[in-house]
2 protein chains.
Amino acid sequence: MGTMTIRDIAKKCKVGVSTVSRAMNNHPDINPETKEMILKVIEESGYIPNKSARNLKITESDTVAILVKGIGNPFFSGMIDVIQKKAQQHSYACILQPVEPFENELDKALEMVQEKKLKGIVFLGGNFRHHREKLQKLHVPFVVSTAGRAEDFGVPMAAAVSVDDFAESHKLVDYLCRQGHRRIATLTSADTDLSVGKLRFEGYLKALRDHGIQPDENLIFKLRGDSDHFSITSGYELTKRALAQHRDFTALFAVADTLAVGACRALYEAGIRVGRDCAVAGYDGLEIGQYYSPSITTIRQPVEEIAKETADILFDMILDGKEPESRTFQGELVVRESTEPAE
Amino acid sequence: MGTMTIRDIAKKCKVGVSTVSRAMNNHPDINPETKEMILKVIEESGYIPNKSARNLKITESDTVAILVKGIGNPFFSGMIDVIQKKAQQHSYACILQPVEPFENELDKALEMVQEKKLKGIVFLGGNFRHHREKLQKLHVPFVVSTAGRAEDFGVPMAAAVSVDDFAESHKLVDYLCRQGHRRIATLTSADTDLSVGKLRFEGYLKALRDHGIQPDENLIFKLRGDSDHFSITSGYELTKRALAQHRDFTALFAVADTLAVGACRALYEAGIRVGRDCAVAGYDGLEIGQYYSPSITTIRQPVEEIAKETADILFDMILDGKEPESRTFQGELVVRESTEPAE
DNA sequence: TTGTAGGCGTTATCAA
DNA sequence: TTGATAACGCCTACAA
């Protein structure tokens with residue numbers, strides 16, 4: 001099945017291959033009429049240029065990529081849109097590339113830089129721990145967004161945009177304490193999680209201690225393994241288990257809104273009124289938290305701004321050769337119905 | 001910045017390039033010791049084979065791709081996992097490729113077949129209307145899942161797996177009618193939507209008519225344009241608007257669970273008790289519907305099965321040269337708290 | 001078991 | 001403004 005090549009088109013048009021190439025790539029020095037004619041023939045014959053051959057040959061290309069670990073995470077959807085739009089404004093192509101949980105995002109990035117001649121990269125998700133040595137092989141500007149701190153990279157061309165999960169989580173639990181809660185349970189990730197879950201959990205511990213409360217092992221509920229992620233069902237089942245042990249707590253802090261939703265339902269089914277009998281708080285600022293009944297107290301991350309800043313920093317580096325810059329955003333404590341003051 | 005090539009490795013190892021190639025591609029006829037040595041050097045030097053050059057040269061590759069329009073749609077997340085797992089079982093690589101809303105999935109597919117030498121494709125999302133002529137250029141087996149009916153393709157190697165959105169939607173609204181509802185409002189997509197939204201809306205109309213109910217323009221609420229998708233917020237605001245017009249309905253059918261969630265909240269805020277004062281039903285079977293309070297009646301699509309069947313059909317075509325086969329799955333009417341019988 | 005050489009389809013260089 | 005031709009980095013006969 002002989003696929004058509006640029007040669008076939010050249011023959012059909014009775015021109016050289018380079019002229020065809022020029023027509024396709026919007027080169028300046030080509031007769032407009034010739035170009036039009038060629039483009040028409042291409043259109044009619046359904047010729048598809050071979051990208052591999054093209055990528056092999058080109059030396060540069062105005063494109064950036066977003067490498068997302070955990071696409072499907074609703075938190076990222078909004079960010080991606082914003083970044084893509086920004087890229088478009090700069091007339092850059094933007095490739096959205098999912099990264100599997102087991103894949104190494106840095107390896108993937110290295111490959112893509114070579115293959116697609118990327119000018120820059122945004123890393124979304126994952127926890128981005130990599131050896132400095134290897135990181136230095138990435139010769140294009142990149143921004144790690146929502147997945148780590150710049151300090152941990154120690155490499156030029158590296159920038160990070162993030163929310164301080166530790167501090168924000170602390171803020172939230174601190175709020176619960178101030179509301180008078182002393183027995184605050186938590187739903188958190190397994191010990192194997194080194195990502196945001198861990199940071200948020202540590203913020204929880206710190207806040208308790210700051211209020212003179214000794215964290216109680218019996219009030220800490222961890223997801224099992226990496227298999228169950230931050231799903232609503234996980235939160236529901238974990239809370240069911242917690243309640244089955246007749247544990248008494250007046251507040252529950254879930255390290256993700258999805259978990260909090262599941263928790264609310266479990267409490268509801270147990271006849272416990274969320275808000276009045278037991279406070280519940282989540283983290284992320286997902287849409288659902290606002291519309292759940294009761295609406296759920298959470299830490300809202302300024303998604304739009306984070307994404308904008310991510311893109312801006314990246315393009316400042318690419319276009320103006322600016323130094324990598326890092327920013328930490330404040331989350332916003334959004335108090336809602338699920339944490340009515342305890343009496 | 002001279003990137004390393006297979007030649008550099010060959011030199012370092014004092015062997016020919018073909019030997020290096022053999023080592024990398026698990027070829028049989030190579031001395032195990034030589035191979036090990038080469039692999040070690042590659043590892044140490046951080047050499048990354050150029051994928052473009054490779055793709056340009058190879059004539060075939062055991063890989064399939066999933067082209068997803070609207071990744072981020074939680075409904076697809078589960079399906080993707082299943083399909084990827086199936087591919088793995090067959091020792092096939094599986095590329096997950098997002099397709100932008102404005103992109104033509106068929107063009108993308110054509111490109112990728114050429115570039116990556118795909119053996120098969122799964123199309124997810126979108127509405128997949130394409131000219132037969134162009135469709136015939138796609139010379140590999142493909143399955144259109146959840147985005148159209150095989151009858152509409154009229155091309156060999158084309159299979160479709162889907163749920164009959166029209167019939168299922170009809171089933172749901174029929175149920176509402178049997179519960180005694182006569183004034184059933186609906187939240188549906190804009191007229192520009194030719195995808196599932198349209199089918200579900202038509203199922204709604206048909207069900208009403210079958211019960212001798214004349215659809216009432218005043219009870220039909222459409223999203224504005226394509227800009228607001230099936231988000232919770234859209235459902236919330238649309239319902240707010242509906243209520244502002246003092247329209248009386250005893251039941252509300254939203255063509256997506258997300259819309260239904262937003263509707264529930266809007267009703268709640270208006271002091272209308274969902275279930276008792278007004279029934280609400282959605283469509284999709286999203287996780288949230290089960291955990292919302294009240295839990296939401298819906299049509300659950302058998303995600304797992306759909307995905308399994310999709311993969312099975314595809315690999316039957318690829319591996320056994322089977323004819324394209326199409327299947328329509330039954331959705332399941334899941335009655336929950338949001339549709340208590342009207343008194 | 002290994003090495004050499006030719007070609008995959010494109011773009012870039014250079015001469016016309 | 002055009003056309004011929006040499007790379008791009010790899011795989012794969014084929015020869016050794």
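Visitor: How many residues does the contact take from chain A and from chain B?
Guide: 35 from each of chain A and chain B; a pair is in contact if the C-beta atoms, placed from the backbone, lie within 7 Å. Bear in mind that this is a predicted model: local features need pLDDT of at least 70, side-chain atom pairs count only at pLDDT 80 or more, and totals for chains, interfaces and linings use all residues. Residues are numbered from 1 along each chain as its sequence is written, while chains are lettered from A and ligands numbered from 1 in the order in which they are written.

Visitor: Which element gives the most to chain A's side?
Guide: H4(A), with 5 residues. Helices (H or I, at least four residues) and strands (E, at least two) are DSSP runs, numbered from the N terminus.

Visitor: What makes B:Tyr236 in H10(B) buried or exposed?
Guide: Buried takes 20 or more other C-beta atoms within 10 Å of its own, exposed 12 or fewer, partly exposed in between, with C-beta atoms placed from the backbone. B:Tyr236 is buried, as is B:Leu238. H12 of chain A is included in what covers the buried residues of H10(B).

Key. Two residues are in contact if their C-beta atoms, placed from the backbone, lie within 7 Å.
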